[in-house]
Amino acid sequence: MKKKLLAMLCCLTLAATSLAGCGNKAAETGAGASTDATDAQTPAASGGDMKIALITMDSIDQHWVTLNEGAQQAASELGVTVDFLAPNTKDDAQQIECVNNAVAGGYKAIIVAANGPDAISSALKEADSAGVKIVYVDSPANVDAEATFSTDNKAAGTTAGQEMIKALEAAGVTSGDIGIVNVNAATDSCVMREEGFRAAFDGSGYNLLETQYGEGDAAKSQSIAENYITQGVVGIFGCNEGSTTGTGNAIKAAGNSGIVGVGFDKSDAIQNLIKDGHLLCTMAQNPDVMGYEGVKAAVAAVNGESLGGKVTDTGVSVIDAAGLGGGAAEPAMNSAAASQEWKIALITMDSIDQHWVTLNEGAQAKAEELGVSVTFMAPNTKDDAQQIECVNNAVAGGYNAIMVAANGPDAISSALNEAVAAGVKIVYVDSPANVDAEATFSTDNKAAGKTAGEEMIKALEAAGTTSGDIGIINVNAATDSCVMREEGFRSAFEGTGFNLLETQYGEGDAAKSQSIAENYITQGVVGIFGCNEGSTTGAGNAIKAGGNADIVGVGFDKSDAIMNLIGDGYLLCTMAQNPDQMGSMGVEACVKALEGESLGGVVQDTGVSVLTK
């Protein structure tokens, strides 16, 4: 991605109040800024030029520069102004000053990555009292906001720890001291990363030393890491970009490639240290997505939309020496060309739903890039026997790997076990079975289902409806992904006055699902939830046919039919997954496994967005 940062002069109002600590950098749109999250509907900007302040921890780290690029792209699309007001260095007083300057400068919204949960809370509360909308990116403070777009830092920290353990054990090292270089004890995102990292070592033979703080400064972090090295550590973890760069530089300076360095964030310096073998890997976030979605949320909030304080995980990927070259919107695992033209079979639940068609498109694009072949072998309809037949055909056809979205956890397990016994590599996309696989790329369906329920409750309560029956249309009782969506959806209604009816199954068929929804409507339901594309389309069509727009329809997946039903007001929203990422990342994982690399059964959440009118 070509990154260009154009520093512009402060507006006159802000210049009168701005001190040296806070910049006002309105960046040009990055040429390659990610629009992965543009699955979501883009809110229209209100009339006139809406001014939004973007205040990150500093303006130097590449992480924040990339976040700003995503924000500037959204600003350009929506016709609003986003000023990058971050201080030059991490400093609570300077960040407070930036918030105060934004309020004094008449900004309608502040998008902020807080240095810590409490340090700038008073300033943010004053901004909120002045009518300024607050949106968090990367790191929240302890003040209610319209929305938060960040990484699940604790889970990502655990992944970092697991990667270090795997590398150490592969080298025959099962005990020893581990050093941790963090930013400070107050930055919530980095504290959570450390907490997750430490959790990975519970019950192991390793000893995690007392954390040292480098304030995110690469030079300070290098000194800390050098001290750790003199103590004979076997591994060092850096909790952010500066910490990781310092760690890698220390290992490089010591000439000790036996120390395993693992870190966070993605920059040119970090990638070069990984490439040269001085760092094992880094946890790469998606800051451009945070910035892009943050601006969209700010515009929606200023325009009067209630976002409910929703927290969205923008995802993370493990980038190692084999995985360099992938962009933030499509997390990389191995973008190097394959050593031979491996044959990969892609077997989804059916070949008709747009979700699977899009997943196949992502797989085909990555296959072309890597020089392998992917054959889309899905049955025409959801049927266990046909899916088993597809698996057997792939084994008989000499395919080296199978990417599969299983109809259910057990139905095709025997066929998959036979495939594994024949030496075929298995990678799951969307829905796993109860057979060990190289990797799984799917949505956190339970969390997404709960979000769907919360969206329905908000809409019903906004219309004055606090009780009534809710209908649920699922695919079947065995498809794990959809079962988890329903479980999450039901959990959202615990303790409410609503009554969730017994689930009805339409096998993902739009016509069958429409009949089920029509029956629900005759029972007087106030809302209907569809668990997949066909279920959602059927629910929307039934509400449309009944002419009853008061019924709140919420669903899953993204298709032209669903988007039209949302646009026409027959569905409130849908939970949009990223099937193209599942397909692309699945092919990368297959190639990686076939080239002899152990993926350890990693499970990667490929994210979800709420698409509304």
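## Terms and model

Helices (H or I, at least four residues) and strands (E, at least two) are DSSP runs numbered from the N terminus. This model is predicted: local features need pLDDT of at least 70 and side-chain atom pairs count only at pLDDT 80 or more, while totals for chains, interfaces and linings use all residues. Residues are numbered from 1 along each chain as its sequence is written, and side-chain values use heavy atoms, with hydrogens and water left out.

## Helix α9

Helix α9 spans residues 268-275, and its buried residues (under 20% relative accessible area, 1.4 Å probe, protein chains only) are Ile270, Gln271, Leu273 and Ile274. These residues lie on the same side of α9, because they cover an arc of only 160° around the axis; the arc is that of the directions from the helix axis to the C-beta atoms. After α9 comes Gly277, with a positive phi near 85°.

Two strands pair if DSSP finds at least two bridges between them. Strand β1 (residues 51-55) is joined to β2 by four bridges, and Leu54 has Phe84 as its bridge partner in β2.

## The largest nonpolar core

A nonpolar core is a set of buried Ala, Val, Leu, Ile, Met, Phe, Trp, Tyr and Cys residues joined through side-chain atoms within 4.5 Å. The largest one has 30 residues, of which Ile52, Leu54, Val80, Ile111 and Val295 touch the most other members. Helix α10 (287-302) gives the largest share, eight residues.

Definitions and conventions: Buried < 20%, exposed > 50% of the residue type's maximum accessible area, 1.4 Å probe, protein only.
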